[in-house]
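The sequence and the model are shown first, and the description follows.

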Amino acid sequence: MTSIVIPAHNEARVIGRLLDSLLADSSEDETDIVVVCNGCTDDTARIAAARGPRVRVVEIPVPSKHAALRAGDDHAHGFPRVYVDADVVITGADVRALTDPLHDDTSGVLATAPERQIPLDACAWRVRAYYQVWQRLPAVREGLFGRGVIAVSKAGHARIAALPPLMADDLAASLAFAPQERLVVGAARVVVHPPRTWPDLIKRRIRAAVSTAQVERHRSPEEASARTSKADLTALLRREPKLFMGVVVFVAAAVVARRRAGKAIRAQDFGTWLRDESSRQT
């Protein structure tokens, strides 16, 4: 049985759409769904519990994603194990496609993630321009992070369970596996709702800059990173010159975010979570 762990902190507006999508095309004996409400002050737990006995709700008082993931592990029954952010949407069929490679012990694949679908129609033009560049970057295409979903085998779980509590848990998990040990499954899709406004995009980028700095403090200099280089952007422009304005917007967002993240990084404040509410509009 595949266990699905969903950490949720005040996700009453979106938890229902995710659970409905997961439950619609999967059977009772196929998936074990655990929603871990961490430090919730809204109706997240009630809405999740209303989906019936196929959804088990665990409540913990501390608003911590890391603590929620560990609590989910304590209550989950099986493997492969799929960790899903509450604000994305993925179907039961996509979960099946995601976990199929993890059943093959000879493949060497320990972790998988789905392809992203990012709906940009409701976003401000600068947000659309940013994501048109971001989605084409090599590290973004190949890494397991930024998808809101990671699936692991039992051996893969042992690898990520040893990681320290980090803000960028998905980036740390992606970097924990060698390229041949991780796989982006083309047959699986997840809808990742982007920020709709420029200020909310900057919040996400500040959080990304701070959390990336934290992850890199736990890794040696020669280990892989997910940072974008000038060479990446130059190569992208050579292939697609029409993206020039998008690259300008991308660089502007990166500069603003890094400047604003500097204070938190110097203070080693890796606990303040700048939350984007615009992506949670339904």
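## A charge over a ring

A charge is said to sit over a ring if NZ of Lys or CZ of Arg is within 6 Å of the ring centre and within 35 degrees of the ring normal. The model described here is predicted. In it, R81 lies over the face of F79, at a distance of 4.1 Å from the ring centre.

R81 also belongs to strand 4, which spans residues 81-84. Both faces of this strand are covered. R81 and Y83 are buried on one side, and V82 and V84 are buried on the other. In a regular strand, side chains alternate between the two faces of the sheet.

Eight strands make up an open sheet with mixed pairing, and their order is 3-2-1-4-7-6-8-5. The edge strands are strand 3 (55-60) and strand 5 (88-89), each of which pairs on one side only. Helix 3 packs on the sheet and touches strand 1, strand 2 (31-38), strand 3 and strand 4. The direction of helix 3 makes about 145° with that of strand 2.

Strand 4 has partners in both strand 1 and strand 7. Strand 1 (residues 2-8) runs parallel to strand 4, and three bridges join the two. Within this pairing, V82 of strand 4 is the bridge partner of I4. Strand 7 (residues 149-152) pairs with strand 4 in the antiparallel sense over four bridges, and here the bridge partner of V82 is A151. Strand 7 also pairs with strand 6 (residues 111-117), again in the antiparallel sense, over two bridges. In that pairing, T112 stands opposite A151.

## D73 in helix 3

Helix 3 covers residues 65-75 and includes D73. With a relative accessible area of 13%, D73 falls under the 20% limit and is therefore buried. Its side chain makes a polar contact of 3.0 Å with the side chain of R70.

Leaving aside residues up to four places away in sequence, D73 touches R81, Y83 and H157. Of these, R81 and Y83 are the residues buried on one side of strand 4.

Helix 5 spans residues 125-134, and its buried residues are V127, A129, Y130, Y131, V133 and W134. The elements that cover them include strand 6, helix 6 (138-142), helix 9 (198-217), helix 10 (230-239) and helix 11 (244-266).

A search of the whole structure finds three aromatic pairs. One of them is the stacked pair of Y130 and F250, with 4.9 Å centre to centre and 20° between the planes. This pair links distant parts of the chain, since Y130 is in helix 5 and F250 is in helix 11, 120 residues apart. Y130 is buried at a relative accessible area of 2%, and F250 is buried at 7%. The rings of Y131 and W134 have centres 5.6 Å apart and planes at 80°, so this pair is edge-to-face. Y131 and W134 are three residues apart in helix 5 and are therefore separated by about one helical turn. Y131 is buried with a relative accessible area of 6%, and W134 is buried with 9%. Ring pairs link Y130, Y131, W134 and F250 into a cluster.

## T234 in helix 10

T234 lies in helix 10 and is partly exposed, with a relative accessible area of 36%. T234 and F244 are 10 residues apart in sequence, and their C-alpha atoms are 9.9 Å apart in space.

Definitions and conventions. Residues are numbered from 1 along each chain as its sequence is written. This is a predicted model: local features need pLDDT of at least 70, side-chain atom pairs count only at pLDDT 80 or more; totals for chains, interfaces and linings use all residues. Side-chain values use heavy atoms; hydrogens and water are left out. Buried means under 20% relative accessible area, exposed over 50%, partly exposed in between (1.4 Å probe, protein chains only). A polar contact is a pair of N or O atoms within 3.5 Å; within protein, one must be able to donate a hydrogen and the other to accept it, and residues adjacent in sequence count only if both atoms are side-chain atoms. Contact means heavy atoms within 4.5 Å. Two strands pair if DSSP finds at least two bridges between them. Axes are lines fitted to C-alpha atoms, for helices over the stretch in contact, and angles run from 0 to 180 degrees between N-to-C directions. Rings of Phe, Tyr and Trp (its six-membered ring) pair if their centres lie within 6.5 Å; planes under 30 degrees apart count as stacked, over 60 as edge-to-face and the rest as tilted.
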